[in-house]
Amino acid sequence: MSKRIVCLRHGQTLWNVEQRFQGHSDIPLDETGIAQAARAGSLLASLRPTLIVSSDLQRANDTALALGRLVRLDVHVDKDFRERGGGQWEGLTREEIAARWPKEYADWEAPDGEAVQDVADRVASAMRRWVAKLDDDGLLVVASHGAALRLGICELLGLPEELWPAIGGLGNCSWSVLQEGRKGWRLLEHNAGTLPEPISSDDKPDAEV
């Protein structure tokens, strides 16, 4: 018996479609996103989660609630599962960002935004904090955001930052599964639940291809 974490990215929003950096902006799911959340919930319910936690942003919280209703679990909210803060980039498209901040765009470092290591640390710390509440065979579902989850996964796995690009991005309402072992955490599945297709996320472009 071992503890597991399902890292579930939220469903589609209009800003995803428009390729706008969302960050901490509280953008709701669109109609497609609502349907994606319902589908993901029906699939993940079969895993019998024992604890569900979400970001405080509504696109992630509503995705979590779709699962919570099916398995009759309350959804806890933790601000530490928020997306990476985008600073001056929030609300802007990729094209607008690249035109105004070519150097920062190449480095994917938004002016006044969060550093990747800071995001990785807060998300991984939150995962550890919540998974500590599980029984030995418990399953935690974390409903969060593309960049936040990828960075948190890399930190939890103990990967050095230069290897983080090896872990690709997460599609809307796709998920990754982590399992705790004797020597730490291992990645069992990544970006599961969707067919391969272009990913629209706040994550670094290299992580999305």
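So, which residue forms a salt bridge with glutamate 96? It's arginine 20, and the closest N and O atoms are 4.0 Å apart. Keep in mind that this is a predicted model. What I like about the pair is that it links distant parts of the chain: glutamate 96 sits in helix H4, residues 94-100, while arginine 20 is in the loop between helix H1 (14-17) and helix H2 (31-44), 76 residues apart. Glutamate 96 is partly exposed at 29% relative accessibility, and arginine 20 is partly exposed too, at 25%. There's also Glu18, which is linked with Arg20 and Glu96 in a network of salt bridges.

Arginine 129 and aspartate 78 meet at 2.5 Å, N to O. Arginine 129 is in helix H6, residues 116-131, and aspartate 78 is in the loop between strand E3 (75-77) and H4, so this bridge ties together parts 51 residues apart in sequence.

Okay, on to the pocket. The largest one has a volume of about 200 Å³. It's lined by 15 residues, with Val116, Arg150, Glu161, Trp164 and Lys204 nearest its centre. Helix H7, residues 146-157, gives the largest share of that lining, three residues. And what classes are in the lining? Seven nonpolar residues, eight charged and no polar ones. That's my tour.

Conventions:
Residues numbered from 1 in each chain as written. Predicted model: local features only at pLDDT ≥ 70, side-chain atom pairs only at ≥ 80, totals over all residues. Heavy atoms only, no water. 1 Å grid on protein atoms, 1.4 Å probe; cavity = no way out; pocket = protein on both sides within 12 Å on 5 of 7 lines; lining within 4 Å. Points joined across faces, edges and corners; volume = space filled by probe spheres on them. Helix = DSSP H or I, 4+ residues; strand = E, 2+ residues; numbered from the N terminus. Nonpolar A, V, L, I, M, F, W, Y, C, P; charged D, E, K, R; others polar. Salt bridge = Lys/Arg side-chain N within 4 Å of Asp/Glu carboxyl O. Buried < 20%, exposed > 50% of the residue type's maximum accessible area, 1.4 Å probe, protein only.
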